[in-house]
Amino acid sequence: MYGKDDVELALYALEEGMGASGAAELVGCGVTAVREWSRGRLPHSVAGCGSLRGGRAPGGEDLACSGVWPRAL
């Protein structure tokens with residue numbers, strides 16, 4: 001399981017122009033995990049159904065728990 005710091009570092013690396021494979025190597029995780037995180041599919045240990053980015057659907061459903069996120073990055 002990856003912690004909040006790992007996820008944030010990977011997302012920051014992507015925002016700064018690093019590719020998914022480079023961000024994964026930096027954090028020490030798989031490329032698939034970084035790609036999932038970049039799409040907003042954060043681990044529950046990080047999102048905790050409250051998410052790093054926050055957000056709720058119009059009906060009030062927490063987007064971190066629903067699996068429905070706007071495309072990130």
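Start with the rings: the structure holds one aromatic pair. (Rings of Phe, Tyr and Trp, the last by its six-membered ring, pair if their centres lie within 6.5 Å; planes under 30 degrees apart count as stacked, over 60 as edge-to-face and the rest as tilted.) Select Tyr2 and Trp37, and you'll see an edge-to-face arrangement, 5.5 Å centre to centre with 75 degrees between the planes. The two partners sit 35 residues apart, with Tyr2 in the segment before helix 1 and Trp37 in helix 3.

A quick word on what you're looking at. This is a predicted model, where local features need pLDDT of at least 70 and side-chain atom pairs count only at pLDDT 80 or more, while totals for chains, interfaces and linings use all residues. Residues are numbered from 1 along each chain as its sequence is written, and side-chain values use heavy atoms, leaving out hydrogens and water.

Is Trp37 buried or exposed? Trp37 is buried, at 4% relative accessibility, whereas Tyr2 is partly exposed at 28%. (Buried means under 20% relative accessible area, exposed over 50%, partly exposed in between, using a 1.4 Å probe and protein chains only.)

Next, switch to cartoon: five helices and zero strands. (Helices are DSSP runs of H or I with at least four residues, strands runs of E with at least two, numbered from the N terminus.)

Select residues 4–15, helix 1, together with residues 31–38, helix 3: they pack at about 80 degrees with axes 10 Å apart. (Axes are lines fitted to C-alpha atoms, for helices over the stretch in contact; angles run from 0 to 180 degrees between N-to-C directions.) That makes helix 1 roughly perpendicular to helix 3, a label for angles of 65 to 115 degrees, with under 35 roughly parallel, over 145 roughly antiparallel and the rest oblique. Show side chains for Asp6, Val7, Ala10, Leu11 and Leu14 on helix 1, then Val34, Trp37 and Ser38 on helix 3, and you have the contact (heavy atoms within 4.5 Å).

Pick Asp6, Leu9, Ala10, Ala13 and Leu14 in helix 1; they meet Ala20, Ala23, Leu26 and Val27 in helix 2.

Finally, zoom out and colour by burial: buried residues make up 34% of the 73 residues in the protein.
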